[in-house]
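Visitor: Let me put the structure up, then I'll ask as I go.

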Number of protein chains: 2
Amino acid sequence: MTHKEYLELHHDRFIEELTEFLTFPSISTAPEHSKDVHACGEWLIKHLQGIGIKHAELHETPGHPIVYAEHCEAGPDKPTVLFYGHYDVQPVDPLELWTNPPFTPVFRDGKVFARGATDDKGQVFLHLKALETLLAIDGTLPVNVKILLEGEEEIGSINLPEYIENNKERLACDAVVVSDTPLYGPGLPSLCYGLRGLCYMEIHVQGPNRDLHSGSYGGSITNPANALCEIIAKLKDEHGRITIPGFYDDVIDLSVEERAGYAALPFDSEAFRNGLEVPALCGEVGYTTLEHISGRPTLDVNGLNSGFTGIGAKTVLPAKASAKVSMRLVANQDTDDIAKKFADYVQSIAPNTVKVEVVNLHGANPVLVERTGKGMNAASRALHKAYGVEPYFTREGGSIPVCIIFDQKLNAPTVLMGFGLQDENAHSPDEHFSLENVKLGMEASLYFYQEMSK
Amino acid sequence: MTHKEYLELHHDRFIEELTEFLTFPSISTAPEHSKDVHACGEWLIKHLQGIGIKHAELHETPGHPIVYAEHCEAGPDKPTVLFYGHYDVQPVDPLELWTNPPFTPVFRDGKVFARGATDDKGQVFLHLKALETLLAIDGTLPVNVKILLEGEEEIGSINLPEYIENNKERLACDAVVVSDTPLYGPGLPSLCYGLRGLCYMEIHVQGPNRDLHSGSYGGSITNPANALCEIIAKLKDEHGRITIPGFYDDVIDLSVEERAGYAALPFDSEAFRNGLEVPALCGEVGYTTLEHISGRPTLDVNGLNSGFTGIGAKTVLPAKASAKVSMRLVANQDTDDIAKKFADYVQSIAPNTVKVEVVNLHGANPVLVERTGKGMNAASRALHKAYGVEPYFTREGGSIPVCIIFDQKLNAPTVLMGFGLQDENAHSPDEHFSLENVKLGMEASLYFYQEMSK
């Protein structure tokens, strides 16, 4: 029997098992579901043992447990793959917007509807079935496989960094594979080779020591809200370029090949604009929209707050004003370096008639991996084989903190081989996962482990 | 007996009457005190009749009643003075910060402590005693006197404009006198000849149709909060001048005499700065601080709101941002004209990649009266006689809506002859009124009516 025949033969059982997996209300943020998260972790251990994975154990943490398993029988000359995923899910509110109960999986229109269907239980499940198939047909796995499934991804992977730090040798690997991102589009697989970093700052402008009557005092002192606006206005020029000195110093320019890759991606900018209902798109001069949202650094105000914000008018000259401003970074910008440059620049342009404080709230460095590394090549061939088309190489505009952790702590590149779709309502009511991608994703995962051995 | 001897002779009784007047908890904003406001109005009617005012009646309104009285026996060749004041008071919270109960007047340190002591019952009372004295000694008043005391000043004079509109002839007068402002300083009487107007606007900037993930979308569209900051930053130049085209067109420049008057005012700008704890004062280049706060127009942000304003970081690209921006106006700026210029300018500088809406929340025109009119001259001589020094002529930075109503509806200039002090806690716990100014205020009021007849 071929691997593909095995997948087809057992398809109905797989769907039953997926249903079982999706039935656990493993909402990591809800204390009342703590037991459910734990039970889901235990189910995974049993499942991993059931499909023939040699070693599987539940590691307790101060929060939810980490599922760790390994099957390293391929020998030292074969590469080691670490498969990472998460079995916890987002809350389900507002419950009334769900067509079916979120933890009673329903199959219709070629999709499975349930919380966690696409993010990330459904995608984790693909790998389990790929590994089961390989073990069932071949009696062994083509590479050494380590499996790390956490129960706290939706609450910021609180205990994962320390776990990885304490288990560096055990987790050592040649590549990490993660299936927790979408395809570029239906039938269009993609591999993400770049993630933006983040530098999230807060500016506090203090004017007078108390809110003042704008009639009695207005005109004599710098209004901190006006000053804040003037500072923010100076952070970008009229070409959409960030004016912080040295901001672009470490940016690796998009190569000719990368820009060609961006240009080859099917993208309807008018549909994109229309979907956001903005009068026109707008970004750094000289770059395309797709480059704007993933290949270039940004600076966005995330929050503004000052004075009276209720309905109506209050003639207050506010004592203070604050803004949250974050920058998305691209390789090789360093979040700490950018934070310092930002703070220095803001202080340099702040009027000396107010007191300005700049706080670094948090950050993450960008990630850029070789598009031609072993893991990427294997994933590329696997996706091609399963989907019948070459995958696109793309960059993501956001950060995926776990990739940065793997990069820093294990020095291993992460292969983001996702099978979701953009509109599958991850984090929203009626989350679902395409059954077509369940099937193709199992195949692609299976091929990936095979290709990694070549 | 002279008028002054009468005032001295009856001083103790006056204090008892003032105590009685201050005992009414006439808090206009509190429905549970509605009866107290009414009772206080009735007390005034009785009191006015008691001192010999010919005609006094309580006018019911949909809210609290208006006390109207008149004593017009001086003949048609004598001027008519309308005395305006209010008998309602502010709420007393936080009650625990009062040293004594707010409606049990206490006399200590040469002051009377009670809610309403300085704002405005105490100051209203001065005029009643001046009129009593004139009637007692002379048997008549030197001018025709009309008295208008409202019970809704602290809640925005809701029913006053309509009352005045409906009683224009009855209220017709040559000058309005109001004692509801502070002296320039202890022992330093002043007469206010200018009030700033107001133009209070709101700017709404709409970006995308929903809050977006700043990683997935950041860089491709105009962030409405950044756009708002850029718009606001363009409303003033680096010299503190407002850049709205035509904004200064109708401003009457401060005359050489006025600027000399400003310069002559005792003012410690370092103490002013220190009291606000700002690193440095700042205002329109070419003008002094006192000119900034009352003689020149301003533009201040009163509120800013966008995106995430809680503690910590949320990587949101906000759908919208809004600001409240108000301008203080000086004669002869017109609030509707300025509102239009503001809206036009904001739209002209707004990027075409967002939608911008500008709303006119409310406004008031500035007031500037002749410093040499009959009322001002009479008040000036009266204050000089009572305090032994010439009063300063000053402008107020805020608006006093009632002055604008009198100006518009009665075409009568208002003489702001106040006897409070800046630090007498109007609107705060431990409100009080200096007994020295009770005494001098009665004299000055008495002289004012006398001087008006000359």
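Visitor: Which residue is the bridge partner of Val112(A) in strand 18 of chain A?
Guide: Val112(A) is bridged to Phe433(A) in strand 18 of chain A. Helices and strands here are DSSP runs numbered from the N terminus, helices being H or I with at least four residues and strands E with at least two. This is a predicted model, in which local features need pLDDT of at least 70 and side-chain atom pairs need 80 or more, while totals for chains, interfaces and linings use all residues. Residues count from 1 along each chain as its sequence is written, with chains lettered from A and ligands numbered from 1 in the order in which they are written.

Visitor: How many bridges join strand 5 to strand 18 in chain A?
Guide: Three, and the two strands run antiparallel. Strand 5 of chain A covers residues 111–113. Pairing requires that DSSP finds at least two bridges between two strands.

Visitor: What is the strand order of that sheet?
Guide: The order is 4-5-18 in chain A, an open sheet of three strands with antiparallel pairing. Strand 4 (106–108) and strand 18 (432–434) of chain A are the edges; each has a single partner strand, so one side of each has no neighbour in the sheet. From one strand to the next the twist averages 25°.

Visitor: Which helix packs on it?
Guide: Helix 15 of chain A, residues 435–452, which touches strand 5 and strand 18 of chain A. The direction of helix 15 makes about 60° with that of strand 18 of chain A. Contact means C-beta atoms, placed from the backbone, within 7 Å. Angles run from 0 to 180 degrees between N-to-C directions, and axes are lines fitted to C-alpha atoms, for helices over the stretch in contact.

Visitor: Where does chain B stand on the sheet with order 4-5-18?
Guide: Chain B also has an open sheet of three strands in the order 4-5-18, with antiparallel pairing. In strand 18 of chain B, Val112(B) has Phe433(B) as its bridge partner.

Visitor: Helices next. At what angle do helix 2 and helix 4 of chain A cross?
Guide: Roughly 140°, with the axes of helix 2 (residues 11–23) and helix 4 (residues 121–138) of chain A coming within 10 Å. Helix 2 and helix 4 of chain A are therefore oblique to each other. The cut-offs are under 35 degrees for roughly parallel, over 145 for roughly antiparallel, 65 to 115 for roughly perpendicular, and oblique for the rest.

Visitor: Which residues make the contact?
Guide: Helix 2 of chain A brings Phe14(A), Leu18(A), Phe21(A) and Leu22(A), and helix 4 of chain A brings Lys121(A), Gly122(A), Phe125(A) and Lys129(A). By class there are five nonpolar, one polar and two charged residues. Nonpolar covers Ala, Val, Leu, Ile, Met, Phe, Trp, Tyr, Cys and Pro; charged covers Asp, Glu, Lys and Arg; the others, Gly among them, are polar.

Visitor: On to the dimer side. How many residues of chain A are in contact with chain B?
Guide: 67 residues of chain A, against 67 residues of chain B. Strand 11 of chain A gives the most to the side of chain A that touches chain B, with eight residues. That side divides into 25 nonpolar, 31 polar and eleven charged residues.

Visitor: What does strand 11 of chain A pair with in chain B?
Guide: Strand 11 of chain B, residues 298–307; five bridges join the two, which run antiparallel. Asn305(A) stands opposite Asn305(B) there.

Visitor: And the domains of chain A, which residues are they?
Guide: Domain 1 is 3–194 + 367–452 and domain 2 is 197–251 + 297–363. The bounds come from an automatic or database domain assignment. The C-alpha centres of domain 1 and domain 2 of chain A lie 40 Å apart, and the contact takes four residues from each of these two domains.

Visitor: What is phi of Glu277(A)?
Guide: Near 55°, a positive value in a residue other than glycine. Glu277(A) lies in the loop between helix 10 (269–276) and helix 11 of chain A.
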